[in-house]
Amino acid sequence: MSATAQERMPALYLSHGAPPLADDPVWPGQLAAWSAALPRPRAILMVSAHWEEAPLALGAVETVPLVYDFWGFPEHYYRVRYAAPGAPALADAVRKLLRAPGLPVQDIPDRGLDHGAYVPLVEMYPDADIPVLQISLPTLDPVRLMDLGRRLAPLRDEGVLIVGSGFFTHNLAALRHAGGVPSWSSEFDDWGRRALEAGDWDALLDFLNKAPAGRYAHPRTEHFVPLFVTMGAAEAAGEPATQQSVIDGFWMGMAKRSVQFG
C-alpha cells in the first residue's frame, strides 16, 4: 500500500564517516537523534561513494557479509556486523523505475554493504531490522545523478528512505599534512551551506568551478556527488526549498555536513 503524502519519506545526504566514527563522543549520537526524528522507513536505498559501477548495479537482495573496504585499521573494526534484511521487493521496484532505453541495470548478488552504507546505519538503525538495498554510483556526472534521483523519487511515497552517502569535504592526502580544520575544508563547507540555503542548484552542479577550493576539497568527486541523487529525489517531489543541515561541524578536518530534504 502506498504511503500518503504526509507519510512521504525524506531524502538524505549524509557524511558517513570512517569505521572510527563509532568511537567519536558526539557524532554517533547526532546520527541516532536524526533517525529517531524521522518516520520509520519501510526500506532503505543507499547510494554510497564507495561503490562506483557502470551500468548501475543492484547489490545483494539477501543478507550477505559486509564489504570491509578499508585497510590498516585495528582488528575490531573488521568484526562489526550489520545483518539487515535483504530488500528484493525494493530491488524489483528500482528495476521498474529505471527500465528505459540506454539505462541498463545489472545485479551483483554477492555485493554486501560497504562502509559508506553500514557505518552510519549501525548508529541510525542499530537493530538492523529494516531492509536495505545498496545501488552503485553509475557515473560521477552531477546532472545524470540528478536524473537518477528523479527516477527514484516515487519510492519515497512507498516508505523508502533514499540516502546519498558521501562526505561534504574529502581530501585524505591533504589532511595528512594539516592540523585542525584546513581552510579548504571550512571554505568549501561554508560555500556549500550557503548554496543549499539559497537553493542555488546551478552553482552546486558546477561545484568544482564555483566553490572556493572545490578541486582541493574534492580531488575526486565521488564523496560529494551522492548529494545530487538526493537533490533529484527532492526536486521530483517539489521539495528543493525544504532542505536543512541536520549535522554540521568537522571530523578529522573534513566537513561532516549532512542534509535532509522533506
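**The nonpolar core**

Reply: The largest nonpolar core has 81 residues, and L45 and L152 are the ones with the most contacts inside it. A nonpolar core here is a set of buried Ala, Val, Leu, Ile, Met, Phe, Trp, Tyr and Cys residues joined through side-chain atoms within 4.5 Å. Buried means under 20% relative accessible area, exposed means over 50%, and partly exposed is in between (1.4 Å probe, protein chains only). The largest share of this core, 6 residues, is supplied by helix α10 (residues 226-236).

Before going on, a word on where this comes from: this is a predicted model, so to speak, where local features need pLDDT of at least 70, side-chain atom pairs count only at pLDDT 80 or more, and totals for chains, interfaces and linings use all residues. Residues are numbered from 1 along each chain as its sequence is written, and side-chain values use heavy atoms, with hydrogens and water left out.

Now for L152. Setting aside its neighbours within four places in sequence, L152 is in contact (heavy atoms within 4.5 Å) with L45, V94, L97, L98, I135, I162 and V229. After α10 comes G238, which has a positive phi, near 70 degrees. As a general point, nonpolar side chains in soluble globular proteins tend to be buried together.

Stepping back to the whole chain, there are 10 helices and 10 strands; helices (H or I, at least four residues) and strands (E, at least two) are DSSP runs, numbered from the N terminus. The radius of gyration is 17 Å, close to the 18 Å that the globule rule gives for 262 residues, so the chain is as compact as a globular protein of that length. That radius is taken over C-alpha atoms, and the rule is 2.2 Å times the number of residues to the power 0.38. Of the 262 residues, 53% count as buried. Among contacts with a separation of 6 or more, 79% are between residues 24 or more positions apart.

K210 counts as partly exposed, at 49% relative accessibility. Leaving aside neighbours within four places in sequence, K210 is in contact with W191 and A203.
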